[in-house]
Amino acid sequence: MDTDDLFALLYLLKQNRSEFELKAVTVNVNAWSDAGHAVNHLYDMLYMMGRDDILVGVGGDGGISDSGIIYPNVGGYLPLIDQGMTTVGDCRYRQAIPLEGGGRLDADTNFGIRRDFLPLGERRYAPLQQPTAQQVIIDTISAGPTTVIITGSHTNFAIFLMKNPHLKRNVEHIYIMGGGVRSKNPTGCCPKNSTTSCTPQQCGDHGNLFTSYTTNPNAEFNIFGDPFAAYQVFHSGIPITLVPLDATNTIPINEEFFYEFQHHQSTYEAQYCFKSLKMARDTWFNDQFYSSYFMWDSFTSGVAISSMRNDKNDEYRNDFAQLEYMNITVVTSNKPYGVHDGSNPLFDGRTTPKFGLKKGGVHSGHIQTGITDSFCRIKGHKRGRCEDGYTKEVSGAEAVQIRVATKAKPNVDKNSPLDREFFKSFLEALNLQENSGRFNIKAQFPFYREVLYKPDFRNKKIGRPVIFDMDMSPGDFFSLIYLLKAPIEVVDLKGILVSGNGWANVASIDIIYDILHMMGRDDIPVGRGNTTALGTPNLGCKYVSVIPQGSGGLIDSDTLYGLARSLPRSPRRYTAENSVKYGAPRNTDHPELRQPLAFEVWQSIKEKLDPSEKITILTNGPLTNLANIVLSDNNASSVIERVYVVGGHIRDENDSKGNVFTVPSNRYAEFNMFLDPLAAKTVLESTLDTTLIPLSSQRKVSSFQAILQYLKHTDHTPESSFVHCLLLLLHDLQQKHQVYHHMDIFLGEVLGAVYLVEGFNLRPSLQSKPISIVANNTRSADGQIVFNNRSANSVKILVDFSSEEYYNRVVNSLCNKEQSAIVSSFAEQSTIWSRPPEKMGA
């Protein structure tokens with residue numbers, strides 16, 4: 001669900017419905033976008049277009065057994081070869097996709113344009129209620145003959161075919177954007193007049209994996225996302241038209257098309273597409289945008305529409321692309337076949353290959369383990385040898401006859417500034433008044449306005465400055481609201497740092513902005529932190545891969561369990577806006593809106609401190625941000641008064657276990673330590689004055705029954721009602737489904753914030769201990785705490801406190817009318833936007 005997917009979707013939605021009726025959309029969730037963000041983005045687009053009738057499917061929590069049994073509702077979070085019985089797993093192929101700018105962050109937010117432009121409808125993700133991808137595919141295809149268009153990885157559809165072979169007869173044709181057959185990548189080439197210092201990159205490759213061409217120059221992103229799944233689709237026997245890089249490389253976005261698009265935006269959908277395209281151009285990593293950005297998925301939608309229309313009339317031609325038949329397969333493993341080297345879960349360690357595959361067959365070779373796989377490198381060469389995901393021309397038994405688009409057709413109108421026939425069709429379709437969008441967010445409400453709320457703390461004594469470092473779990477948002485309720489005379493929340501390598505994807509930073517807006521604290525800066533653990537590659541998922549991607553994990557955290565959209569919408573949001581000042585190749589239109597980084601927020605707060613002031617830091621997630629501060633700022637320790645760390649597990653005489661339930665071999669680690677062991681080691685073994693809030697203490701206040709009982713009998717504020725609703729939902733989910741068994745681990749996270757604010761009022765008991773953190777790249781031990789008497793430094797450990805005082809003070813604070821919400825909800829905000837603003841003095 002990246003930028004080009006939305007172009008394709010909107011082009012399809014503009015077609016005559018009596019001729020082409022889009023019935024359903026399913027979201028591919030193991031590639032460029034994350035499930036929770038993608039599905040809500042899709043709902044908003046369909047709402048704008050007046051198409052809430054279209055089914056939307058995403059995810060699912062089903063699994064595939066070790067023996068190859070496919071259970072219902074496999075969610076497609078993992079490639080088929082790595083899919084087990086849960087949604088936890090590594091990112092073998094997905095690590096090729098950047099996590100931040102130009103990658104998943106910008107796809108999840110559509111560069112920040114999504115929240116700035118799209119209206120908000122009634123449909124949204126909700127736990128255990130969201131239709132799964134498999135449900136939607138089965139229901140749609142069961143209803144009758146269907147054409148399928150695939151513009152992402154093939155996981156969802158391959159699972160459908162393998163699980164429901166009897167329904168193949170209802171699939172008339174499959175149109176696929178993906179692969180490269182005879183293609184030669186035009187990007188990464190040296191200019192003709194270049195000096196000898198220019199080094200070609202992926203120039204001339206079959207594929208477009210710009211992050212992995214040194215190991216795999218042959219694959220294209222969509223097919224590489226799950227080669228084994230693509231093989232199942234290609235070899236299904238269903239007629240296929242492939243639109244590979246061969247064709248899309250011949251339809252780059254050129255300056256003439258960009259100029260014409262800029263001057264033809266007469267519908268909301270055209271405006272949304274152009275804004276997205278312009279931001280893609282303005283944030284492009286070099287000055288070759290017009291020769292590097294192609295019409296991939298959108299061109300495929302045009303080829304599909306033209307072929308369907310002409311095939312129906314027995315014309316068998318295409319208005320937009322030259323087509324020819326080729327004999328193709330999808331490479332899923334590398335020769336030599338039958339050699340078991342630990343890379344291939346379909347064969348390694350098995351007497352019987354998974355899915356009934358043939359021993360020594362085309363699937364039995366080395367499977368690429370990641371973008372730096374040493375097997376794929378050739379000594380002395382800059383191009384790799386792996387072919388995983390290559391749509392390769394072959395002969396013999398493996399060959400499948402596929403209709404292939406080889407080139408985009410030129411515009412038949414020689415007087416037009418547009419040099420491709422599809423350019424003309426695309427702009428005409430988007431600007432048609434028929435089937436056009438009804439409104440954007442600003443037109444949805446007659447008196448829409450953006451207001452920043454900032455408190456007036458003049459004439460008040462200001463408390464100690466605090467920075468809150470969070471990874472956006474449900475407990476972190478509870479903690480944030482609690483901190484915002486703390487009297488300003490006690491706590492002055494100066495800033496928030498966000499970890500992108502914890503319980504939520506980094507695009508969920510927008511939920512923080514919305515909560516701050518609700519509470520009237522648009523003055524608090526929010527800094528975006530790293531998306532990978534300290535000392536690990538920028539492309540990858542080491543440690544964070546233990547977080548479930550489906551229910552009870554990222555899809556729920558990214559939507560705050562479906563409740564995020566009930567919050568008032570903040571004028572502040574993540575945007576891809578950028579500035580030369582911060583290293584960007586060019587300024588975008590509004591560089592002042594650039595999302596600050598965590599370290600920049602730290603520096604800004606530090607510079608504004610009075611000479612007598614020092615900072616208190618509360619960390620509720622992995623310690624990546626704080627470790628980076630300690631390592632990057634030599635003066636950090638001199639301005640940090642104390643640190644409260646929520647996390648870690650101290651083994652006791654009862655041999656109690658940690659909480660990393662997704663890694664059974666690691667019995668004594670706690671999530672926040674495990675998610676970045678080296679960062680934890682850096683902080684907890686430093687000279688900082690640190691208090692640890694360990695798992696044993698958190699578990700004393702991890703009772704849903706207790707906190708809900710306290711909240712039940714009280715006069716609520718908007719913020720306490722929101723927290724109450726969230727906790728009721730988490731408790732209900734825990735009781736209903738096993739995938740939510742761990743919900744109570746989020747309750748104890750609030751203890752750090754309460755102890756920071758209340759201190760001795762909780763009647764705490766502390767012990768000082770010298771500790772070390774295991775960080776030796778051993779999955780079964782990383783993140784564990786051991787006592788180390790040779791350590792020169794100790795940390796204070798909260799070992800006991802009054803749970804009764806804790807509950808009383810939490811509830812009293814939440815329900816206090818002071819420092820309460822300015823706008824309680826999106827529903828209230830909608831009411832405000834539906835009436836004219838009150839005149840001053842009226």
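Let's start with Arg-92 and Asp-82, whose side chains meet in a salt bridge with 2.9 Å from N to O; the term covers a side-chain nitrogen of Lys or Arg within 4 Å of a carboxyl oxygen of Asp or Glu. Both residues sit in the loop between β2 (55–58) and α3, so the pair ties together parts that are 10 residues apart in sequence. Arg-92 is buried at 10% relative accessibility, while Asp-82 is partly exposed at 23%. Here buried means under 20% relative accessible area, exposed means over 50%, and partly exposed is in between (1.4 Å probe, protein chains only). Helices (H or I, at least four residues) and strands (E, at least two) are DSSP runs, numbered from the N terminus.

A word on what you're looking at: this is a predicted model, where local features need pLDDT of at least 70 and side-chain atom pairs count only at pLDDT 80 or more, though totals for chains, interfaces and linings use all residues. Residues are numbered from 1 along each chain as its sequence is written, and side-chain values use heavy atoms, with hydrogens and water left out.

The salt bridge count comes to 46. Another one pairs Arg-594 with Glu-600, their closest N and O atoms 2.9 Å apart, and Arg-594 is buried at 15% relative accessible area. In the bridge between Glu-641 and Arg-642, the N to O distance is 3.9 Å; Glu-641 is partly exposed at 33%, and so is Arg-642 at 26%. Shared partners also join Arg-17, Glu-21, Arg-51 and Asp-53 into one network of salt bridges.

Cys-815, by contrast, is in no disulfide; the nearest cysteine sulfur, that of Cys-725, is 14 Å away.

The model holds 7 cavities of 30 Å³ or more. On a 1 Å grid over the protein atoms alone, a cavity is a set of points where a 1.4 Å probe fits but cannot get out, and lining residues have an atom within 4 Å of a point. Grid points are joined across faces, edges and corners, and a volume is the space filled by probe spheres set on the points. The largest cavity takes up about 420 Å³. It is lined by 33 residues, and Asp-34, Arg-94, Arg-104, Asn-505 and Leu-554 are the closest to its centre. Helix α3 (residues 104–109) gives the most to this lining, with 3 residues.

The second largest cavity has about 300 Å³. Of its 21 lining residues, Arg-114, Arg-115, Asp-510, Ala-564 and Arg-565 are the closest to its centre. Helix α2 supplies the largest share of that lining, 4 residues.

Notes
1 Å grid on protein atoms, 1.4 Å probe; cavity = no way out; pocket = protein on both sides within 12 Å on 5 of 7 lines; lining within 4 Å. Disulfide = S-S within 2.5 Å.
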